[in-house]
Amino acid sequence: MKKTNLSDYDTTLVPSGKGYRIGIVAAEWNQEITEALARGAYDTLREHAVEEHDISLIHVPGSFELTTGADMMLSSDATLDGVICIGCVIQGETRHFDFICEAVSQGITNVALKHGKPVIFSVLTTNDMQQAIDRAGGVHGNKGVEGAVTVLKMIHLQQQLKTV
Ligand code: RBF
């Protein structure tokens, strides 16, 4: 499937989020970008019937801390059904790029497996700021929207498997 816009999705394939409890962890680094991603995720969850009081948002300093933030959230609130991790790592600005991206992608996978719940990678890993702007509500859509759709689909899948 070739995807040209992160905000394009088939709404008929997205389950209702009514009753789902979802956490959002957003990194403060590149805040103008991560705020736009978090807004995209939040609005999309609301569009798909997730109640306002069922969405909780926390902030961590940088993308490296997303893993710990998601783990803390899931450990402190057993009623959460899933977590969306939001960050933006820009290659041109850091030689830490590869370390951070590797740590976050692996870390998020580990947290998801540890808690047995979906933890979603809504982290932009771009060459420059313009590529990030283009994917935070710009010409290529909003990766936060994609993260929200993904968490809803994964929670629904988990619930379906539980009833089998
Ligand atoms: N965090 C991000 O979320 N995005 C970045 O682009 C980013 N660049 C960084 C560049 C340098 C040189 C350093 C030291 C940190 C950077 N961080 C970035 C922060 C990182 O995710 C983490 O918060 C800190 O390294 C503290 O563990």
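Student: What radius of gyration would a compact globule of 164 residues have, and what does the chain have?

Tutor: The radius of gyration is taken over C-alpha atoms, and the globule rule is 2.2 Å times the number of residues to the power 0.38. With 164 residues the rule gives a value near 15 Å, and the chain has 15 Å, which agrees. Along its principal axes the C-alpha trace spans about 45 × 30 × 30 Å. Please note that this is a predicted model, in which local features need pLDDT of at least 70, side-chain atom pairs count only at pLDDT 80 or more, and totals for chains, interfaces and linings use all residues. Residues are numbered from 1 along each chain as its sequence is written, and side-chain values use heavy atoms, with hydrogens and water left out.

Student: How many helices and strands has the chain, and in what order do the elements run?

Tutor: Helices (H or I, at least four residues) and strands (E, at least two) are DSSP runs, numbered from the N terminus. Here there are five helices and six strands. Read from the N terminus, the elements follow the pattern β-α-β-α-β-α-β-α-β-β-α.

Student: Which strands form the open sheet, and in what order?

Tutor: Two strands pair if DSSP finds at least two bridges between them. The open sheet of four strands has the order E2-E1-E3-E4, with parallel pairing. Its edge strands are E2 (55-60) and E4 (119-126), each of which pairs on one side only. From one strand to the next the twist averages 15°; such angles run from 0 to 180 degrees between N-to-C directions, the axes being lines fitted to C-alpha atoms, for helices over the stretch in contact.

Student: Which residues touch the most other members of the largest nonpolar core?

Tutor: A nonpolar core is a set of buried Ala, Val, Leu, Ile, Met, Phe, Trp, Tyr and Cys residues joined through side-chain atoms within 4.5 Å. Of the 25 residues in the largest one, Ile22, Leu45, Ile84, Ile86, Val151 and Leu152 touch the most other members. The elements giving two or more residues to this core are E1, H1, E3, E4 and helix H5 (143-163). A second, separate core of 20 residues includes Ala70, Phe97, Ile100 and Ala112. Ile84 has contacts with residues including Ile22, Leu45, Ile120 and Val151.

Student: Is Thr34 buried or exposed?

Tutor: Thr34, in helix H1 (residues 31-47), is buried, with a relative accessible area of 2%. Leaving aside residues up to four places away in sequence, Thr34 touches Ala27, Trp29, Ile86, Gly87 and Cys88.

Student: What is the phi of Asn30, and what is that of Ala49?

Tutor: Most residues other than glycine have a negative phi, and most peptide bonds are trans. Asn30 has a positive phi near 55°, and Ala49 has a positive phi of about 75°. Asn30 lies in the loop between E1 and H1 and counts as buried, at 13% relative accessibility. Ala49 is found in the loop between H1 and E2 and is partly exposed, with a relative accessible area of 33%.

Definitions and conventions
Buried < 20%, exposed > 50% of the residue type's maximum accessible area, 1.4 Å probe, protein only. Contact = heavy atoms within 4.5 Å.
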